Amino acid sequence: MLETLDKILLSEQPVAAFYKAYEQEAFKTWLLEILPEVQRCKELRQDNPWHIYNCLDHILHSVEEINKLTTALPHEIRRMLAHTMFLHDIGKPACFLRRYSKLYGREVDSFFNHNLESKKVGSRVLSTFGFSEKEKAEMEMLIEMHDIFMFVRLKDDGNRFHHVLTPEYLGSEIEKLDKVGDGKVLMKYLIMVGIADNKAQNPQMTKESLHLLDVMNDMLEK
């Protein structure tokens, strides 16, 4: 069954491929025994201006987007990043919060700290999915940091939770990634993760974030 999951996640159309397999009782039972969060993500609407898909559909569309970005990479890296996207939001159901947003003037669904919850789930299942301890450590870090673009700006906006993108800031984030592997290479992957995540969200909301990630990538290459 793991071979089937790998084939789905690395396909050109993982959304359609996943749901076709999910209709098969054997595959669904196997997957939910390992990862019951999948069904909870399927049922999670994500009523938030940033999203146009339920949580599982967003996850699967983000897998499709990361695959477009990794075509030139070795198979083992492509597999690692596809599974990273498969798990990056898997902890959202456990973090669900319905709250009033002053910014949007209505109640919205929020998922504070879902990156940490998703990392916990990843820590539980990545060995079962056939990843080495080194790959597992790198993937857990990518999952934990996947929302980095949400807390970075090109200039100071007065928000104490935001960082200004500078070579020094980028270097400090690379140092965090150095703890589990080659920080510069992992930062490249993290930027890909951010792009894939954004492209699976509401396109009316993501223009600024995608531009930021492009600038971050240019800064990394220089």
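What follows is a walk through the helix packing, the nonpolar core and a few individual residues of this structure.

The model is a predicted one, in which local features need pLDDT of at least 70 and side-chain atom pairs count only at pLDDT 80 or more, while totals for chains, interfaces and linings use all residues. Residues are numbered from 1 along each chain as its sequence is written, and side-chain values use heavy atoms, with hydrogens and water left out.

Let's begin with the core. The largest nonpolar core holds 63 residues; such a core is a set of buried Ala, Val, Leu, Ile, Met, Phe, Trp, Tyr and Cys residues joined through side-chain atoms within 4.5 Å. Here buried means under 20% relative accessible area, exposed means over 50%, and partly exposed is in between, using a 1.4 Å probe and protein chains only. The residues with the most contacts inside the core are F18, L31, L35, V38, F86, F129 and M187. Helix α10 (residues 183-199) supplies the largest share of this core, nine residues. Helices (H or I, at least four residues) and strands (E, at least two) are DSSP runs, numbered from the N terminus. As general background, nonpolar side chains tend to be buried together in soluble globular proteins.

Setting aside neighbours within four places in sequence, F129 is in contact (heavy atoms within 4.5 Å) with L2, L5, W30, L31, I34, L35, R79 and H83. Several of those names return where helix α1 meets helix α6: L2, L5, D6 and L9 of α1 make the contact with R79, A82, H83 and F86 of α6.

Two packed helices are described by the angle between their axes and the distance between the axes. Axes are lines fitted to C-alpha atoms, for helices over the stretch in contact, and angles run from 0 to 180 degrees between N-to-C directions. Helix α1 (residues 2-9) and helix α6 (residues 75-87) pack at about 90°, with their axes 10 Å apart. That angle makes α1 roughly perpendicular to α6; angles under 35 degrees count as roughly parallel, over 145 as roughly antiparallel, 65 to 115 as roughly perpendicular and the rest as oblique. The residues of the contact of α1 with α6 divide into five nonpolar, one polar and two charged. In this sorting, Ala, Val, Leu, Ile, Met, Phe, Trp, Tyr, Cys and Pro count as nonpolar, Asp, Glu, Lys and Arg as charged, and the others, Gly among them, as polar.

Now turn to α9 and α10, which pack at about 105° with their axes 8 Å apart. These two helices are therefore roughly perpendicular to each other. On the α9 side, L170, E173, I174, L177 and D178 meet G183, K184, L186, M187 and L190 in α10. The residues of this contact divide into six nonpolar, one polar and three charged.

Not counting residues up to four places away in sequence, L177 touches M141, M145, G183, L186, M187 and L190. L177 and A137 are 40 residues apart in sequence but 9.9 Å apart in space, C-alpha to C-alpha.

The pair α7 and α8 has another geometry to inspect. The axes of helix α7 (residues 114-125) and helix α8 (residues 133-144) come within 8 Å and cross at roughly 160°. That makes α7 roughly antiparallel to α8. In this pair, N115, L116, S118, K119, G122 and S123 of α7 meet K136, E140, I143 and E144 of α8. The contact residues divide into two nonpolar, four polar and four charged.

Finally, consider the backbone. Most residues other than glycine have a negative phi, and most peptide bonds are trans. Q46 has a positive phi of about 65° although it is not a glycine, and N113 likewise has a positive phi of about 65° without being a glycine. Q46 is in the loop between α4 (37-42) and α5 (55-69), and counts as buried at 3% relative accessibility. N113 is in the loop between β2 (106-110) and α7, and counts as exposed at 53% relative accessibility.
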